[in-house]
Amino acid sequence: MEGAQPGARLRLVELTKRFGGVTAVDRLDLTVPAGTFFALLGPSGCGKTTTLRMVAGLEEPTAGRILLDEEEITRLRPYRRPVNTVFQSYALFPHLDVFENVAFGLRRRGVRDVTGQVRAMLSLVQLDGYERRRPAQLSGGQQQRVALARALVNRPRVLLLDEPLGALDLTLRRRMQVELKRIQTEVGITFVHVTHDQEEAMTLADMVAVMNNGRIEQLGTPAELYEFPATAFVATFLGRSNLLSGTVVGRAGEDVLVEAYGERFSVPVVRARSTAGAVLLGVRPEKLRLVATADEVPAGHQAVAGIVTDAAYLGTSTQYLLRTGWGDELSVFAAADGETRPVPVGQAVVAHWHPRYAFLLPAGTSGDGSAAPVEAADAVPANGAGPR
């Protein structure tokens, strides 16, 4: 966007918010690089929206600092901050048409000639020709585009998005995800997107911070978080994971040896976040393959035998549940490639995987997090103090 200011680097330092005896955000240290699409991902009540509201100036921190490009804005009034927010409810003025909704912020700032800027924003969000329509005459996706245009026309250094697509149906939400990414790339503003939708975070964000109980469990690119989670919470919240409780019993070259349920497994040391004591051996459902007998397991693969207890065909894949000999169930996703035969419920099978797709976590990592600060620019999965 011609003339737009570049996005700002957002830094939160020991940011804390308490409501009475409840700590909603717990000593959050976080750096969001300028110009990135950053997602705060976590379950309801984890502190992500509270964090966003503190950055917007809608909640006052109990402790800590908020900085934009090293300029502290912690105590600035909301209207004094170069930050705008897009809410799930859109918050459009029903009595104003599209043009005046977008122009509202400019007029409040005393800008006299708003026509050029408003039309440029409407073109950016692909709403040319909708200037004189009222919000009630628009679809949900169009209303969301107006809300984006209204926020962006003020040229914020950081745009905060609080579950902005939550009110849309699945098809429209996916279409708007593409549009959001396109707009962020075009304007170059730092986007901080709060969501509980894992797919949305993976689709949109350059970097993702997974939050739980007021802290950040892990920070990294979507691929890093998915392929090498740092905690059991991340492994199960961001997609699905099969987690086997075991104990490290030694090393064999570059592999960590694990005993679980009377069986021996191995995980490459580079895929291990713990190399001693009680551990969780994890493998994603799509990394598993099913065969009829142990004789069909490829050399070098790990294997678990069981009985298929459920099969659900989802078009792109069939999802199986496999009851193991020790009583737990494993999830297996088999791609619908047109060649793999369906496995009937009740069939005895063997699930196998290559050790390079497994990962090893310390036991007891269901949501404690750690106290190390994290920085998105590191582009390395890391534990850290974070919000709820």
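First, the ground rules. Because the model is predicted, local features need pLDDT of at least 70 and side-chain atom pairs count only at pLDDT 80 or more, while totals for chains, interfaces and linings use all residues. Residues are numbered from 1 along each chain as its sequence is written, and side-chain values use heavy atoms, with hydrogens and water left out.

The overall picture, then. The protein chain has 8 helices and 22 strands; these are DSSP runs, H or I of at least four residues for helices and E of at least two for strands, numbered from the N terminus. Along the principal axes, its C-alpha atoms fill a box of roughly 80 × 45 × 35 Å. Of the 388 residues, 50% count as buried, where buried means under 20% relative accessible area with a 1.4 Å probe, protein chains only. Contact here means heavy atoms within 4.5 Å. Of the contacts with a separation of 6 or more, 69% are between residues 24 or more positions apart.

Now the cores. A nonpolar core is a set of buried Ala, Val, Leu, Ile, Met, Phe, Trp, Tyr and Cys residues joined through side-chain atoms within 4.5 Å. The largest one has 36 residues, and L148, L152, L159 and F191 have the most contacts inside it. Two or more residues each come from α2 (98–108), α3 (115–124), α4, β7 (158–162) and α5 (170–187). Helix α4 gives the largest share, 6 residues. Apart from this core lies another, of 28 residues, including V55, I73, V158 and M207.

Let me stay with α4, which spans residues 140–152 and holds V146. Is V146 buried or exposed? It counts as buried, because its relative accessibility is 1%. Beyond its neighbours within four places in sequence, V146 touches L92, V98, N101, V102, L127 and L138. One of these, V98, is 48 residues away along the chain, yet the two C-alpha atoms are separated by 6.8 Å.

Last, helix α1, residues 48–56. Why is it described as largely enclosed by the rest of the structure? Because 7 of its 9 residues are buried. Those are K48, T50, T51, L52, M54, V55 and A56. Just after α1, G57 takes a positive phi of about 90°.
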